[in-house]
Amino acid sequence: MKQKISGQERFFPFDPQTGFLTIHPEFGSTPAAISDQLKLLRELQRFQNELTRQNMVLLRSQQEFMKSKIYYTELYDTLPMGYITLDSNGVLLNANLTFAAMVCAERPSLLNQRLMDYIVPRDHEIYCRHLKDLKALKTEQSCELHMQRKNGTAFDVMLKTAVVSDDHKKPERYRTAVIDISEHKRLEKEQEKRHQADKMESIRGITGGIAHDFNNIFQILLGTVEMELDNLPGRSRTQKNLKKAKDTILRAAGIVAHLLHISFRIEPELRPTRIAATIQEVLKCLSPLISSTIDIRSHFPAQEVSILADQNQIHQMFMNLFTNALQAMEGNRNGILEIAVETVHLIEADMVNYVDLSPGEYVKITIKDTGPGIHPEIIHQIFDPYFTTRGLANASGMGLAIVQAIVKNHKGDIAVDSRPGEGTVFTLLFPSIRTASK
Ligand SMILES: Nc1ncnc2c1ncn2[C@@H]1O[C@H](COP(=O)(O)OP(=O)(O)OP(=O)(O)O)[C@@H](O)[C@H]1O
Ligand SMILES: [Mg+2]
């Protein structure tokens with residue numbers, strides 16, 4: 001029995017095994033029909049060839065696309081800087097492998113996390129301002145701050161953020177380059193330290209030279225006065241005056257000795273020194289200078305903390321710092337001088353801020369005043385010898401230079417935080433007796 005040929009089989013005789021078009025053996029047996037079929041077949045064959053060619057072109061461009069996708073993914077992941085995409089709330093939408101390595105995290109664990117969680121808390125304000133500026137100005141913004149790795153260690157970075165404008169989707173997204181500038185900062189700090197050391201060295205040289213010359217002059221003066229005193233009969237008016245002159249010379253020689261002490265950084269005489277007690281002693285000395293409008297607030301730990309220190313030098317250090325604070329609040333109606341002492345533990349992560357210290361237990365002293373604050377333009381100069389804003393006729397500008405030398409003599413650290421109109425905070429760190437004796 002003859003098999004019925006369907007319409008589809010007649011027009012699309014296709015052998016699925018060979019992939020070629022065929023003529024159905026049962027279809028069209030007259031010469032005209034065969035010629036029609038052959039024409040159709042050729043047409044279809046051409047059509048198939050064209051399809052195959054287009055398929056190959058498509059395949060090739062797909063391969064090219066894959067190749068360039070791999071190339072750009074590699075480029076993105078191996079950039080020598082972190083590269084991230086954030087949503088408008090600072091949530092991570094994407095991150096390259098460099099960024100994941102920077103914060104010691106696996107890339108998938110970063111996605112949908114807030115970038116804020118990888119920024120050290122004290123720099124959150126800087127980061128919030130960065131996001132605020134991006135939202136408001138819609139132009140590229142940059143800032144410097146400290147980020148922290150998963151293990152808690154901190155490092156310096158520069159964030160350079162662009163607002164994504166390739167589509168008009170809302171809310172907007174941000175692309176941020178995260179550049180590790182720790183090494184640059186370390187070199188900068190080292191250079192600043194060297195610069196400070198050179199400056200101190202040259203000042204030490206000058207001061208030492210002057211003190212030495214004065215010393216010689218005083219010796220001659222003293223010798224001459226003593227000789228005259230020996231030659232004079234007792235109890236004369238001249239003798240009384242010469243004795244007065246001798247006392248003055250001795251006092252001046254004492255000042256020169258003190259100058260030499262500071263300039264040649266005489267090793268401190270270290271003894272356990274009670275901090276709160278020293279502070280109270282200094283405040284007592286200064287009480288004639290403390291006006292009734294100034295409120296002194298001290299916060300001392302329940303148990304007295306001590307450091308290994310030269311008592312005279314520590315006394316002098318507090319004297320200079322408190323005097324500065326009181327002078328800054330002169331004329332203030334409601335000035336507040338707040339002094340806090342506490343014990344803190346510095347870990348490896350804190351060392352970015354305290355390059356000269358090592359991890360361990362420290363005594364932290366904070367001295368805060370409500371004076372006019374210090375302008376950013378001069379804040380880097382305040383520890384310089386002879387720098388003063390009070391006029392060299394009224395001040396020597398040596399106060400903070402001496403404070404810094406004393407702090408360094410005790411292997412401590414000093415930092416200042418101040419803004420115009422917001423008062424000034426000096427923070428001092430000294431190795432606690434436990435850390436110092438290690
Ligand atoms: N608590 C403070 N508030 C505002 N400015 C301060 C404060 N402490 C220091 N300064 C600024 O730092 C400068 C340097 O201080 P420093 O103690 O070295 O010198 P001085 O106080 O001017 O002079 P000296 O201490 O030798 O009498 C001051 O002139 C002042 O401008
Ligand atoms: Mg001073």
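Which helix gives the most to the shell around ligand 1? The legends below work towards the answer, using a predicted model.

Figure 1. We start with the overall setting before moving in. Of the 438 residues in the chain, 34% are buried.

**Figure 2. Ligand 1 in the second largest pocket.** Here we come to the residues around the ligand. There are 19 of them, and those that come nearest are Asp 369, Thr 388, Thr 389, Ser 396 and Gly 397.

**Figure 3. Polar side chains beside ligand 1, including that of Thr 388.** A polar atom in the Thr 388 side chain is 2.6 Å from an oxygen atom of the ligand. Asp 369 has a side-chain N or O atom 2.8 Å from a nitrogen atom of ligand 1. For Thr 424, an N or O atom of the side chain lies 3.5 Å from a ligand nitrogen atom. On its own, ligand 1 has 590 Å² of accessible area, and the protein covers 89% of it.

**Figure 4. Helices and a strand in the shell around ligand 1.** Helix 9 (311–328), helix 10 (399–409) and strand 12 (424–431) each contribute at least two residues to this shell. And here is the answer to the opening question: helix 9 gives the most, with 3 residues.

Methods: Residues numbered from 1 in each chain as written. Chains lettered and ligands numbered in written order. Predicted model: local features only at pLDDT ≥ 70, side-chain atom pairs only at ≥ 80, totals over all residues. Heavy atoms only, no water. Buried < 20%, exposed > 50% of the residue type's maximum accessible area, 1.4 Å probe, protein only. Near = heavy atom within 4 Å. Polar contact = N/O pair within 3.5 Å; in protein donor to acceptor, adjacent residues only side chain to side chain. Areas by Shrake-Rupley, 256 points an atom, 1.4 Å probe, with all protein chains shown as cover. 1 Å grid on protein atoms, 1.4 Å probe; cavity = no way out; pocket = protein on both sides within 12 Å on 5 of 7 lines; lining within 4 Å. Sits in = over half its atoms within 2 Å of the grid points. Helix = DSSP H or I, 4+ residues; strand = E, 2+ residues; numbered from the N terminus.
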